[in-house]
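I wanted to go through this chain from its overall make-up down to the packing of individual elements. These are my notes in the order in which I looked things up.

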Amino acid sequence: MDFSSFLTSLGTSFLIFVVLMLLFSWLSSKPGNAVIYYPNRILKGLDPFEGGPRTRNPFSWIREAMSSTEQDVISISGYDTAVYFVFLSTVLGILVLSGLVLLPVLLPVAATDDNGKSAATTSNGTFSDLEKLSMGNVKSESPRLWAFLLALYWVSFVTYYLLWKAYKHVSGLRADALMSREVVRSEQFAILVRDIPPVPEGQTRKDQVDSYFKTIHPETFYRSMVVTNNKEVNRIWKELEGYKKKLARAEAIYAESKTTGKPEGARPTNKIGFLGLIGKKVDSIEYYNAKINEVTPKLEVEQKVTRKEKQQNSALVFFTSRVAAAAAAQSLHAHIVDKWTVTDAPEPRQIIWSNLKIKFFQRQLRQYVVYVLVALTILFYMIPIGFISALTTLDNLKKLLPFLKPIVNIAAIKTVMEAYLPQLALIIFLALLPKILMCLSKAEGIPSQSHVVRAASGKYFYFIVLNVFIGVTIGGTLFSTFKTIQKNPDSLVSILASSLPLNATFFLTFVALKFFVGYGLQLSRLVPLIIYHLKRKYICKTEAELKEAWFPGDLGYGTRVPGDMLIVTIVFCYSVIAPIIIPFGVVYFGLGWLILRNQALKVHVPAYESYGRMWPHMHTRILASLILYQVTMLGYFGTKKFFYAAFLIPLILLSLTFGYVCSQKFYRFFRDPALEVACRELKEAPNMEQIFRAYIPPNLSSEKIDDEDYEDALSQVSRSGSFV
């Protein structure tokens with residue numbers, strides 16, 4: 001990519017961002033759009049327009065985002081969101097401190113070396129202005145390479161310091177959340193028990209679980225809830241809920257017809273055949289009322305059958321104190337590892353009920369199978385991404401497809417293709433993958449939604465690093481120098497290493513496209529806005545349908561965090577090779593912090609709360625990116641014949657040691673609840689029955705439910721003990 005194409009890409013992306021930001025300022029001031037731009041505030045009963053939409057400064061959102069505190073984020077969007085902003089702030093700090101040293105030192109060192117031109121040329125002898133600012137412009141064996149080596153040490157030590165500081169801060173946030181005296185969290189009084197042995201003769205599953213935990217925890221055991229096979233009851237429940245929604249819609253249509261037509265209105269009708277397209281035409285209100293009256297008794301019968309006859313080999317066990325549940329969750333209950341497996345309970349809204357029955361060794365086997373499938377996915381995705389990387393330079397495209405030369409040589413087409421085509425193709429291609437990885441992670445037998453998100457996030461991170469970063473770099477190099485490698489296979493390593501700076505322009509435009517266009521679209525919310533107004537005009541008839549149309553969902557950590565990690569990896573690995581990329585990384589994370597702060601405070605609604613359990617995974621992957629950076633630079637210094645590159649080996653070992661120390665010092669608190677945190681007394685004694693009923697699945701919940709339906713398992717010990 002030449003310098004003019006790079007500037008075209010950057011300028012156009014910035015212009016798009018400015019237009020999107022102005023659109024946001026205008027559209028968000030319209031009262032009719034409040035549910036799109038302020039849904040979080042509306043759901044919490046807050047005024048979406050503080051001071052009124054007419055008097056409101058269109059850019060006041062910037063001031064509000066920057067003046068908001070961490071406690072504001074926690075109160076509106078929860079601890080997981082606050083931890084995500086710790087991640088953004090930490091990476092931003094690393095890049096700012098690194099850039100303050102690397103930019104004024106390395107750019108002049110690279111640019112003033114007049115003897116490096118031949119070493120950094122591509123196979124056809126071209127050399128762009130941007131590449132003169134890279135390490136590729138420094139000749140081999142030059143003493144100037146010491147500056148780049150010391151810069152690598154600076155970036156590494158800045159990363160160690162800020163990661164350590166962030167880990168301590170996030171640990172404190174998690175402790176504050178879990179030791180809160182004001183909020184009663186149901187999951188702190190429960191544990192999840194899996195792999196329960198077969199029921200002894202003469203006992204029910206309920207009796208078996210109760211007697212086991214009464215014996216081990218006689219003073220603090222409260223009761224248990226055996227997990228059931230809910231497949232059939234869930235089907236009937238969904239059918240009933242569907243009829244209720246259709247009835248509400250039919251009644252809304254009927255009420256609307258009274259105001260727009262005749263006073264008596266027109267009763268809605270529908271056909272009861274395939275997809276409502278064929279069959280007998282019936283009165284919708286009467287039909288759905290009849291269906292509800294028909295299905296409701298079926299549901300009640302199936303609920304009783306499910307609770308009594310479809311009990312499985314897992315259960316939720318409740319304790320009268322937080323400290324008792326915390327101690328039980330991290331204790332070994334059985335001498336055989338695949339019996340009575342105990343972990344802390346997820347939030348009620350997070351539980352994946354269908355996974356709780358999966359046995360211990362089945363979970364292990366599923367995990368290995370999923371890992372193999374993910375590895376195969378990575379390998380097979382490498383092929384199309386390699387072809388996409390070939391489009392990075394038009395010279396490669398003309399070599400592969402000579403008949404395109406007349407079209408590609410047109411100046412306007414050439415500029416647009418070089419500026420956007422490879423980056424857009426890559427971004428669209430990556431958008432197809434996350435759902436596959438979520439399904440694979442769920443298939444491992446993971447019991448909670450937040451754990452599935454963390455697992456899918458890890459898979460997605462390794463995928464994009466291996467395929468996007470390494471795949472694009474190697475793929476582009478192989479295409480551009482294929483003939484040279486054919487003639488001299490021994491030159492493969494040196495060509496790959498020396499071509500690393502030449503891929504910097506691709507990643508510069510990739511990062512710019514991500515933060516200008518990507519964040520611009522997130523801020524403007526044009527797509528959700530258009531979809532909402534179309535649904536409101538043509539589809540939605542009830543308040544529930546309207547809410548479903550504008551409900552924003554969460555920040556989507558499963559894809560957002562790996563996407564951010566890709567930028568971290570790219571900026572790390574090119575921070576010394578091509579320091580000009582550092583400001584792009586700073587803008588990406590700085591703009592991301594600002595825009596996502598606004599979205600977290602006003603738009604997105606958390607789907608779950610794990611109290612920062614994503615942080616150890618974020619920390620590990622930042623460190624993995626740093627180690628990849630150090631290894632890459634070790635190889636690159638080798639191609640420069642800089643023999644002092646061996647000084648990087650201790651730095652790599654130091655990174656591994658740092659990761660090990662952090663894991664040993666901090667990680668266990670994110671895996672197991674700490675007793676000193678759990679032992680803090682609550683301001684008020686919790687309602688244990690309310691905690692128990694919070695875990696009853698919606699498809700088993702009923703106004704008519706009583707203890708007999710759950711075969712009451714209240715222990716006979718005193719309930720007068722303290723609740724902490």
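**Notebook: fold and packing**

I began with the inventory, and the protein chain has 28 helices and six strands, where helices (H or I, at least four residues) and strands (E, at least two) are DSSP runs numbered from the N terminus. I noted that this is a predicted model, in which local features need pLDDT of at least 70 and side-chain atom pairs count only at pLDDT 80 or more, while totals for chains, interfaces and linings use all residues. Residues are numbered from 1 along each chain as its sequence is written, and side-chain values use heavy atoms, with hydrogens and water left out.

Next I looked up the totals. Of the 724 residues in the protein chain, 52% are buried (under 20% relative accessible area, with a 1.4 Å probe and protein chains only). The accessible surface, by the Shrake-Rupley method with a 1.4 Å probe, comes to about 33,300 Å², and carbon and sulfur atoms hold 63% of that. I then turned to contacts (heavy atoms within 4.5 Å): among those in the protein chain with a separation of 6 or more, 81% are between residues 24 or more positions apart.

I then traced a sheet, counting two strands as paired if DSSP finds at least two bridges between them. Four strands form an open sheet in the order β2-β5-β1-β6, with antiparallel pairing. Its edge strands, each pairing on one side only, are β2 (221-228) and β6 (341-344). From one strand to the next the twist averages 25°. Helix α8 (residues 205-216) packs on this sheet and touches β1, β2, β5 and β6, its direction making about 145° with that of β2; such angles run from 0 to 180 degrees between N-to-C directions, and axes are lines fitted to C-alpha atoms, for helices over the stretch in contact.

Within the sheet I checked β1 (residues 190-194) against β5 (residues 311-319), which run antiparallel and are joined by four bridges. Leu 192 stands opposite Leu 316 in β5.

Last, I looked at two helix pairs. Helix α21 (residues 526-538) packs against helix α22 (residues 543-550) at an angle of about 165°, with the axes 9 Å apart, which makes α21 roughly antiparallel to α22 (over 145 degrees). Their contact is made by Tyr 532, Lys 535 and Arg 536 of α21 and by Leu 546, Ala 549 and Trp 550 of α22.

For helix α9 (residues 231-260) and helix α10 (residues 284-309), the axes come within 9 Å and cross at roughly 160°, and α9 and α10 are therefore roughly antiparallel to each other.

Conventions
Buried < 20%, exposed > 50% of the residue type's maximum accessible area, 1.4 Å probe, protein only. Parallel < 35°, antiparallel > 145°, perpendicular 65-115°, else oblique.
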